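Hello,

Here is the structure I promised to pass on. Please open it first, then read the notes below.

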Amino acid sequence: MDGGVLPWLPRRREGPTLDPVHVAHLALQDFRSYASAELPLDPGVSAFVGPNGQGKTNLVEAIGYIATQSSHRAATDAPLVRHGAPRAIVRAGVVRDDRQALIEIEVNPGRANRARLNRSPVPRPREILGILRTVLFAPEDLALVKGDPGERRRFLDELLTVRAPRFAGVRSDYDRVLKQRNALLRSAAAHRRAPGAEMLATLDVWDSHLARAGAELLGGRLELVAALRPLVAKAYDSLAPTGATELVYRSSVHGGGDGDGELSTDRGSLVAATEAALAESRRAELERGVSLVGPHRDELHLRLGDLPARGYASHGESWSLALSLRLAAFELLRAEGDDPVLILDDVFAELDTGRRSRLAELVAPAEQVLVTAAVPADVPSELSGAAYDVADGDVTRAR
């Protein structure tokens with residue numbers, strides 16, 4: 001692998017022709033439970049089988065981290081580093097159309113992470129986003145339906161970044177502005193008196209920054225939801241033919257539109273709408289010491305028929321809807337020319353026989369599918385391929 005790294009191709013090719021992509025090699029150093037691990041991988045299906053707590057999920061989590069620079073199980077990087085180690089290193093050899101790239105991320109909790117592409121350092125880790133795209137299914141996905149609004153905002157923002165890596169910078173800019181603006185509002189609320197002219201002028205400046213950064217993020221989300229809506233409905237119909245689902249985006253900018261055209265995606269219009277909403281909310285924000293307007297307050301509502309999925313969906317319906325969101329993301333990326341690596345982390349044990357078979361049939365055509373399971377029987381027959389036994393941190397190919 002190390003000697004065969006070739007120049008990388010363009011990150012994305014427009015049109016219906018798919019770029020076949022797969023991870024050919026994974027190397028870990030001090031990542032989670034692994035002091036070190038080396039694992040060659042092939043296209044098609046690879047199943048990692050072993051009892052819980054043996055390190056199966058750690059392997060696929062590392063591949064997801066290479067693609068997204070975040071974990072589906074941890075909010076921070078600290079748990080990713082093996083206990084007692086100062087850092088973790090994840091390397092992946094990625095093949096696209098017979099050309100190969102070597103991606104490396106050094107995970108440094110409490111400090112800036114570092115990244116290399118084909119052994120050459122890149123200025124910022126986010127510059128390698130988009131080289132490998134993954135779609136990950138996991139038990140944690142139930143939170144997309146049953147959890148707080150932040151779970152669904154995160155789903156949208158992570159998919160935005162997978163589609164267009166520039167949104168990593170947009171999200172970073174928005175978070176920075178929001179943090180500064182909230183600090184100013186907290187200071188005003190703590191003094192318990194009317195803010196002076198200087199503070200109001202400073203707040204005006206931060207309002208302008210928040211409106212510009214927020215408009216870009218909001219516009220991206222609205223466009224994404226519009227693209228996902230028919231794909232989620234189609235996927236849900238495939239998994240649960242007796243039901244129907246709908247995505248409804250409600251924005252704090254205009255008091256809760258339905259995402260069906262009430263709010264324009266034109267960035268100039270969104271800036272103006274955000275500034276107007278901030279002006280209207282200023283008194284309440286000063287009293288409460290927190291920003292009440294912006295993408296951080298928005299919600300993606302999931303509906304089953306005429307009812308909200310959260311609180312009304314059964315366990316099976318919730319699973320079908322969560323899986324439909326991931327399947328829709330997969331189909332959207334494929335429609336744009338990429339064939340993402342599919343990761344199914346301990347998913348099939350949670351599904352009944354019908355849903356298990358239908359999901360397997362839907363994902364089987366992917367270029368590469370990585371599955372984790374506690375026992376071989378949890379891997380559907382539709383997903384035959386390479387199998388690996390995972391026990392006490394050792395990974396052995398079984399077939």
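A salt bridge here is a side-chain nitrogen of Lys or Arg within 4 Å of a carboxyl oxygen of Asp or Glu. Keep in mind that this is a predicted model.

Salt bridges first. The whole structure holds 25 of them. One joins aspartate 157 to arginine 221, with the closest N and O atoms 2.8 Å apart. Aspartate 157 sits in helix 3 and arginine 221 in helix 5 (residues 197–239), so this pair ties together parts that are 64 residues apart in sequence. Both aspartate 157 and arginine 221 are buried.

Helix 5 also takes part in another pair. Glutamate 223 in helix 5 and arginine 267 in helix 6 (residues 267–288) are 44 residues apart. Their closest N and O atoms lie 3.1 Å from each other, in a salt bridge. Arginine 267 is partly exposed, at 23% relative accessible area. Glutamate 223 is partly exposed too, at 38%.

Glutamate 106 pairs with arginine 114 (3.1 Å, N to O). Glutamate 106 is buried, because its relative accessibility is 11% and buried means under 20%. Arginine 114 is exposed, at 53%.

There is also a network: salt bridges link Arg181, Asp204, Asp207, Arg282 and Glu285.

Now the helix packing. Helix 3 (residues 149–163) packs with helix 4 (residues 167–191) at about 140 degrees, and their axes are 8 Å apart. The two helices are therefore oblique to each other. Asp157, Glu158, Leu160 and Thr161 in helix 3 meet Phe167, Ala168 and Arg171 in helix 4. By class, this contact has three nonpolar, one polar and three charged residues.

Best wishes

Conventions
Residues numbered from 1 in each chain as written. Predicted model: local features only at pLDDT ≥ 70, side-chain atom pairs only at ≥ 80, totals over all residues. Heavy atoms only, no water. Axes fitted to C-alpha atoms, helices over the stretch in contact; angles between N-to-C directions. Helix = DSSP H or I, 4+ residues; strand = E, 2+ residues; numbered from the N terminus. Parallel < 35°, antiparallel > 145°, perpendicular 65-115°, else oblique. Contact = heavy atoms within 4.5 Å. Nonpolar A, V, L, I, M, F, W, Y, C, P; charged D, E, K, R; others polar. Buried < 20%, exposed > 50% of the residue type's maximum accessible area, 1.4 Å probe, protein only.
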